[in-house]
Amino acid sequence: MRVGIIGCGNISDIYAANSKLFRDIDIVACADILPEASRRIAGKFGIEERSVDKLLASEDIDIVLNLTIPSFHAEISRAVLDAGKHVYVEKPLATSLEDGIDLVRRAAAKGLRIGCAPDTILGAGQQTVRKIVDEGSAGQILTGVAAIMSKGMEHWHPNPAFFYQAGGGPVLDIGPYYVSSLCNLLGPVASVYAIGQISPAERRYGAEGPNKGKTFKVETFTTINAILKFESGAIITFIASWDIWRNGMRPIELHGTKASLRVPDPDTFGGDVELSDTTLPLNTHDADAVAAAGQRPDWNPIGTTKLPFGAINYPFGHPTIANYRSLGLAEMANAIANNRPHRCSGEFSLHTLAVMLGILQSADLRREVPISHRADRPEALTPEQASSLRKERP
């Protein structure tokens with residue numbers, strides 16, 4: 001299917017580059033309110049530069065890839081749907097629940113598809129964990145911890161201020177990866193309880209450029225501690241902070257009745273999955289048993305680099321992670337062509353948006369907040385199904 005990009009910022013490069021891996025999508029045009037941005041992407045990837053209005057009216061565009069900043073996601077996606085085109089939007093779906101509901105209902109009423117990142121849940125790392133959970137190797141998941149911890153964006157991003165305004169912050173910016181991962185693995189969230197803080201109230205531009213050394217105001221929580229109660233009965237502690245210098249926590253750990261699981265970074269597509277060794281003695285006071293088991297690892301790693309969309313490929317030139325952005329877009333295009341549901345759906349993204357906004361609301365109100373907009377887990381993506389999305393290699 002023919003794709004047009006609206007929004008030619010930093011993330012558009014990886015989408016455009018990766019699109020060439022897939023057989024069901026072909027990016028043919030791009031647009032941005034800043035002509036120099038769309039001109040750069042058009043020249044770099046050999047596609048046509050158009051105005052936003054012209055791209056929306058173009059008959060040779062089937063799907064619009066909405067890569068604008070979060071505060072414009074709903075406005076642009078609404079315009080795309082009203083133009084009679086399918087839309088796939090970067091996370092989050094919107095910055096308000098009302099807009100998210102409107103987009104999902106609008107798409108359904110028009111018989112159009114709306115998809116939304118993150119598509120990392122379709123990567124080899126997340127799907128390997130999904131298979132372990134579904135097969136019951138860890139038993140029923142009872143509890144766990146998901147942790148987003150860094151010092152924020154201002155040290156490297158040339159324009160970090162919008163990350164710290166309403167609609168931004170660690171919950172809405174990085175949280176979609178973690179919340180989507182948890183909902184993909186455990187199902188829908190029933191309710192949340194959270195507390196939050198802003199520290200400091202001003203931040204300083206650190207990246208080279210005209211703003212270096214200047215300050216900007218912070219208007220959203222920079223640290224959130226939340227409890228997510230899932231319909232399955234699992235209770236997960238969720239920490240999201242841009243106030244952390246260093247930490248030793250795993251991105252996600254899940255603990256079941258049969259074993260514990262370490263989930264790889266949900267912001268990437270690969271990574272090692274780790275399943276705990278359940279043969280090790282639990283009684284650490286039994287010196288002989290502990291000594292006999294001392295040479296065995298506590299965790300059994302399961303590599304994913306040989307699975308589809310698990311191989312390390314990014315950054316280009318010196319790759320350290322697996323980054324296959326455009327996978328969700330390609331999977332949606334394939335679903336449209338084959339008249340089946342797509343996995344990174346508007347309904348699933350609306351639920352994760354409701355969870356994230358519920359966390360922020362709970363931190364404001366200091367009380368538990370029920371999650372009213374639910375969605376079932378997307379269908380698992382098998383290695384065979386993932387491989388079928390790729391172009392045939394020469």
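These legends walk through several close-up views of a predicted model. Local features need pLDDT of at least 70, side-chain atom pairs count only at pLDDT 80 or more, and totals for chains, interfaces and linings use all residues. Residues are numbered from 1 along each chain as its sequence is written, and side-chain values use heavy atoms, leaving out hydrogens and water.

**View 1. The parallel sheet of six strands.**
Here six strands form an open sheet in the order β3-β2-β1-β4-β5-β6, with parallel pairing. Two strands count as paired if DSSP finds at least two bridges between them. Helices (H or I, at least four residues) and strands (E, at least two) are DSSP runs numbered from the N terminus. At the edges sit β3 (48–49) and β6 (114–116), each pairing on one side only. Strand β1 (residues 2–6) pairs with β4 in the parallel sense over four bridges, and I5 stands opposite L65 in β4. With β2, β1 pairs in the parallel sense over five bridges; this time look for I6, which stands opposite A31 in β2. Four of the five residues of β1 are buried, so the strand is largely enclosed by the rest of the structure. Buried means under 20% relative accessible area, exposed means over 50%, and partly exposed is in between (1.4 Å probe, protein chains only).

Helix α1 (residues 12–19) is mostly covered, with seven of its eight residues buried. Those buried residues are S12, D13, I14, Y15, A16, N18 and S19. Their cover includes β2 (26–31), α2 (35–45), β4 (63–66) and β5 (86–89). Helix α10 (residues 327–337) lies across β1, β4, β5 and β6, and runs at about 160° to β5. Axes are lines fitted to C-alpha atoms, for helices over the stretch in contact, and angles run from 0 to 180 degrees between N-to-C directions. Contact means heavy atoms within 4.5 Å.

**View 2. Helix α5 with α4.**
The axes of helix α4 (residues 70–82) and helix α5 (residues 97–110) come within 10 Å and cross at roughly 10°. α4 and α5 are therefore roughly parallel to each other. For the wording, angles under 35 degrees count as roughly parallel, over 145 as roughly antiparallel, 65 to 115 as roughly perpendicular and the rest as oblique. From α4 come A74, S77, R78, L81 and D82, while α5 brings D99, D102, L103, R106, A107 and K110 to the contact. Sorted by class, the contact of α4 with α5 has four nonpolar, one polar and six charged residues. Ala, Val, Leu, Ile, Met, Phe, Trp, Tyr, Cys and Pro count as nonpolar, Asp, Glu, Lys and Arg as charged, and the others, Gly among them, as polar.

**View 3. Helix α5 with α11.**
Now find helix α11 (residues 346–365), whose axis comes within 10 Å of the α5 axis, crossing at roughly 170°. That makes α5 roughly antiparallel to α11. L97, G100, I101 and V104 in α5 meet G346, E347, L350, L353, A354 and L357 in α11. The contact of α5 with α11 divides into seven nonpolar, two polar and one charged residue.

Of the 115 residues in the largest nonpolar core, L228, F238, L254 and I359 touch the most other members. α11 gives the most to this core, with 10 residues. A nonpolar core is a set of buried Ala, Val, Leu, Ile, Met, Phe, Trp, Tyr and Cys residues joined through side-chain atoms within 4.5 Å. Skipping neighbours within four places in sequence, L254 has contacts that include I141, L182, I236 and V263. S362 is also found in helix α11, buried with a relative accessible area of 0%. Beyond its neighbours within four places in sequence, S362 is in contact with V192, Y193, A194, R367, E368 and V369.

**View 4. The mixed sheet of nine strands.**
Nine strands form an open sheet in the order β16-β15-β14-β13-β7-β12-β11-β8-β17, with mixed pairing. β16 (299–302) and β17 (369–370) stand at the edges with a single partner strand each, so one side of each is left without a neighbour in the sheet. Four bridges join strand β15 (residues 273–276) to β16, and the two run antiparallel. V273 has I302 in β16 as its bridge partner.

**View 5. E379 in its loop.**
E379 has its place in the loop between β17 and α12 (383–388), and is exposed, with a relative accessible area of 54%. Leaving aside neighbours within four places in sequence, E379 is in contact with R130, R343 and Q385. The C-alpha atoms of E379 and C344 are separated by 9.8 Å, with the two residues 35 apart along the chain.
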